[in-house]
Amino acid sequence: MPLTPDEARALVADQLMPALRSEQPRLDRIDRWWRWQHDKPHAPRQATAEYNELIDRSYTPWLGLVVTAVAQALYVDGYRRADTTENAAPWRIWQANRMDGRQMAVHRAALAYGYAFVTVLPGVNADGEPMPTIRGYSPRRMVAFYEDAVADEWPVYALAAEPTKIDGADAWKIRLFDDTNVYHLVAIGGGGIGKPSLTNIEYVDESNHGVGLCPVVRFADSLDLEGRMPGEVEPYIPVAARIDQTTFDRLVVQRFASWIVRTIAGMVEPGDDEAIAKKKLELKVDDILIAEDPDTKFGYLPATPLDPFIAARDADIRDLAAVSQTPPHHLLGQMANLSAEALAAAESSYMRKVEERQHAFGESWEQMLRLGARIIGDMDSWRDVEAQVQWRDVSARSLQQAADALGKLAQMLNVPVEILWEKIPGWTQQDVERAKALAAESDGIRRLAEQLMASVAEDQAAQGQPAQPELEPVVAGGVQS
């Protein structure tokens, strides 16, 4: 049954908004480290402006690179039924919502925070035809409640909150989702955001979405049986903090202790400041210092070497690469003429991680497309649980290697070439569809030529003329004629 206005306010005030706000400190910390505004390295208490400048220069968004390395290997290129190589009907929902580009924001949020959400609601396209509307949400702006957070496919309730201003005051625009309606509320004032209660959350209106399910899909980076979703940032914050600390220490040494200090012991100082300044002006690079007192000793204090700091930083980066399964050359930028085989071996652990995320996110995209089909009344696609999204191949292989392997599959194992086209590095689904269209067009021209030759032979036979010898088809521009 739909919620009454009082029930909706109570649910938001007593459960959903407190749950959303309780996650904010942890998610805000993750957001700072994911981007480039993370915690400062340790510095002396009496840090000068020069020290603070070095602190600002020591920031490096390493964890943003960890997220990006995985996100750039996750591109959904198609959605196929089990019995065909063509995209299934719900794929037009994907294209209509421009998800080719918008999918990356969902992937990055799910990788960074550990989870993200997508809503699918009824809508219409520019021609007035039914077309579901898809929107992604960060977990900093949405929370969902499940009866079983691990096993359930659909949540019982979900809440999306966007910060706004109402009459100059801080406020939240709130949307509450259940299996029948979308309820619109607002929370006004600082108290409403930090400690929401029935007195400062106002009910606005509601609309029936008619889906029959809470229209929210969760994307989990690495969901375990305890319902935990750590993501690609939070577990590695201590390692990234070590890297920044080592970088700051190296900058301090480079600024203040990387110079050789000349020393003189036993020499009498000039009597006044004018004499001291004069002596300084007299010393040149090629001058020789001579002292009359035999007890005078010249020496120097050596510069602090930077190599140990650089080595420690590189060791910390390799630790980050190991625990996050990020290829070291992605972080260190060191590649010494690696062959395709060596590069594939170096990225084997990383590709296993990418494949795991493809399985996890793929289930969520399939769930989303099935829900979109249900909304437009395509119940066959809604019930089709065997259709799968297709991921673009981004493995480290040269085109020559791929062509050789795919050619052998076609010749030795008789694998249809149309299936192998999808495995060509760099080919998108549009490239595959275009190749299929050209192949079909070429095949049509060949059949037309055969029909024309057969028709000519029949006419010649009817007229009692000897049949012309069969001609071999001429290949021109890749098309038989």
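Leaving aside its neighbours within four places in sequence, with which residues is Leu 63 in contact? Contact here means heavy atoms within 4.5 Å, and the partners of Leu 63 are Trp 33, Trp 34, Val 233, Tyr 236, Ile 237, Ala 240 and Leu 320. The structure is a predicted model, in which local features need pLDDT of at least 70, side-chain atom pairs count only at pLDDT 80 or more, and totals for chains, interfaces and linings use all residues. Residues are numbered from 1 along each chain as its sequence is written, and side-chain values use heavy atoms, with hydrogens and water left out.

Leu 63 belongs to the largest nonpolar core, which has 72 residues. Such a core is a set of buried Ala, Val, Leu, Ile, Met, Phe, Trp, Tyr and Cys residues joined through side-chain atoms within 4.5 Å. Buried means under 20% relative accessible area, exposed over 50%, and partly exposed in between (1.4 Å probe, protein chains only). Together with Leu 63, the members that touch the most others are Phe 177, Val 233, Leu 320, Trp 365 and Met 368. A second, separate core holds 18 residues, including Val 143, Leu 159, Ile 174 and Leu 176.

The protein as a whole contains 16 helices and 14 strands; these are DSSP runs (helices H or I, at least four residues; strands E, at least two), numbered from the N terminus. Of its 481 residues, 35% count as buried. Among contacts between residues at least 6 apart in sequence, 66% join residues at least 24 apart.

Five of the strands form an open antiparallel sheet in the order S4-S5-S6-S7-S8, where two strands pair if DSSP finds at least two bridges between them. Its edges are strand S4 (142–145) and strand S8 (201–208), each pairing on one side only. S4 is joined to strand S5 (residues 157–166) in the antiparallel sense over four bridges, and Met 142 has Ala 160 in S5 as its bridge partner.

Aromatic rings provide further links. Rings of Phe, Tyr and Trp (its six-membered ring) pair if their centres lie within 6.5 Å; planes under 30 degrees apart count as stacked, over 60 as edge-to-face and the rest as tilted. By this rule there are eight aromatic pairs. Trp 34 lies in helix H1 (residues 5–34) and Tyr 113 in helix H5 (residues 99–113), 79 residues apart; both residues are buried. The ring centres of Trp 154 and Trp 382 are 6.4 Å apart and their planes stand at 35°, so this pair is tilted. Because Trp 154 is in the loop between S4 and S5 and Trp 382 in helix H13 (residues 379–383), the pair ties together parts 228 residues apart in sequence. Ring pairs also link Trp 91, Trp 94, Phe 219, Phe 361 and Trp 365 into a cluster.

Leaving aside its neighbours within four places in sequence, Ser 364 is in contact with Val 217, Arg 218 and Phe 219. Ser 364 counts as buried because its relative accessibility is 6%.

Two loop residues conclude the description. Most residues other than glycine have a negative phi. Arg 98, however, has a positive phi of about 55°; Arg 98 lies in the loop between helix H4 (91–96) and H5 and is exposed, with a relative accessible area of 58%. Gln 325 also has a positive phi, near 55°. This residue is found in the loop between helix H9 (307–324) and helix H10 (328–332), and Gln 325 is partly exposed at 30% relative accessible area.
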